[in-house]
Amino acid sequence: MAYETLLVETRGNVGLITLNRPQALNALNSTVLKELKLAYAAFHADDAIGAIVLTGSERAFAAGADIKEMQPLDFAEVYKSDFISGWDEIAKARKPIIAAVSGFALGGGCELAMLCDFIIASETAKFGQPEITLGVIPGIGGSQRLTRAVGKAKAMDLILTGRMMDAAEAERAGLVSRVVAPERLLDEAMEAATKIASLSRPSVLMAKEAVSRAFETTLEEGLRFERRLFQSLFATEDQKEGMAAFIEKRKPAFKNR
Ligand code: CAA
């Protein structure tokens, strides 16, 4: 299918989505949201795809929600349509999604990266929640996900001042998992996604579910949830195969069942 705001392709067992609104630094408008949901749904329906990479351009991952689209909206409109709520669907996607971030990841762009499972950043990446400078606050989870990722002090600093942090600061703060040279960014993300896609699908999905649960529940409940998932994996053929392959000093041949 042809997309207006995205480039979508399959590389091996990985789905690659590139935000493509260069004239607006990949600002996130309603078409981007609609198309991202379609692209994600297509990759989820495709059994061959084991992981997804979401990226932008060298200059911008995404510079936020589209300010030109939002500026004329009034309260009744945004309240009635529950404006901006649709992005949460992306966080509920079951297959792992890696954000490969170069350049600006601001406002909704930073929030979109945080909706992914982890962020690999180029040395040029700049993260921030500048909504306060527009007379609003983050609306796609920035105040919640950034706070969980980097703690109260830095989240308050970024959200109240609207300042940007560079990739090194974002890595120190725990927002990004790796920082790489700009020319390595896509390869690094694709290699990580390809590795994930080569592993047993049930265990990958459950690992994502287990880590995600840590942000939603108590430690005791989370530990119980993890243990039940762990136990259930002993019902899979891939658990037998993975452990047998280790013992026999060979590569496992996972069947995703
Ligand atoms: N929405 C709409 N258009 C945007 C945009 C955005 N978020 N960010 C950039 N653009 C557009 C600019 O308007 C400009 O278009 P024109 O050439 O037609 O004027 C084009 O992209 C290039 O941008 P600049 O000329 O501003 O580029 P720059 O290099 O001078 O500055 C920047 C780059 C610092 C990222 C600057 O563009 C900027 O500050 N952008 C806005 C960042 C922002 O405030 N994001 C938060 C949005 S609100 C939000 O996201 C709410 C939420 O949580 C849901």
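Mentor: Begin with how two helices pass each other. A crossing is left-handed if the near helix is turned anticlockwise from the far one by less than a right angle, and right-handed if clockwise. Keep in mind that this is a predicted model.

Trainee: In which sense does α5 pass α6 here?

Mentor: The crossing of α5 past α6 is left-handed. Helix α5 covers residues 108-115 and helix α6 covers residues 142-150; their axes come within 10 Å and cross at roughly 60°. Angles of 65 to 115 degrees count as roughly perpendicular and those under 35 as roughly parallel; α5 and α6 are therefore oblique to each other.

Trainee: Which residues make the contact between α5 and α6?

Mentor: On the α5 side they are Glu 111, Met 114 and Leu 115, and on the α6 side Gly 142, Arg 145 and Leu 146.

Trainee: How should I read a sheet?

Mentor: Strands of a sheet pair through backbone hydrogen bonds, either parallel or antiparallel. In this model four strands form an open sheet with mixed pairing, in the order β4-β6-β8-β9. The edges are β4 (60-62) and β9 (164-166); each has a single partner strand, so one side of each is left without a neighbour in the sheet. Direction ignored, neighbouring strands of this sheet are turned by 20° against each other on average.

Trainee: In what sense do β4 and β6 pair, and over how many bridges?

Mentor: β4 pairs with β6 (residues 104-106) in the parallel sense, over two bridges. Ala 62 stands opposite Ala 105 in β6.

Trainee: What about the interior?

Mentor: Look for nonpolar cores. The largest one has 47 residues, and Leu 36, Trp 87 and Phe 127 have the most contacts inside it. Helix α1 (residues 30-45) gives the most to this core, with six residues. A second, separate core has 16 residues, including Ile 98 and Ile 120.

Trainee: With which residues is Trp 87 in contact, leaving aside its neighbours within four places in sequence?

Mentor: Trp 87 is then in contact with Leu 28, Asn 29, Val 32, Leu 33, Leu 36, Leu 112, Leu 115 and Ile 140.

Trainee: Is Arg 21 buried or exposed?

Mentor: Buried means under 20% relative accessible area. Arg 21 has 13%, so Arg 21 is buried. Arg 21 lies in the loop between β2 (14-19) and α1. Leaving aside neighbours within four places in sequence, Arg 21 is in contact with Thr 5, Asn 26, Ala 27, Asn 29, Val 32 and Asp 66.

Key. Residues numbered from 1 in each chain as written. Predicted model: local features only at pLDDT ≥ 70, side-chain atom pairs only at ≥ 80, totals over all residues. Heavy atoms only, no water. Core = buried A, V, L, I, M, F, W, Y, C linked by side-chain atoms within 4.5 Å. Buried < 20%, exposed > 50% of the residue type's maximum accessible area, 1.4 Å probe, protein only. Contact = heavy atoms within 4.5 Å. Pairing = 2+ DSSP bridges. Axes fitted to C-alpha atoms, helices over the stretch in contact; angles between N-to-C directions. Parallel < 35°, antiparallel > 145°, perpendicular 65-115°, else oblique.
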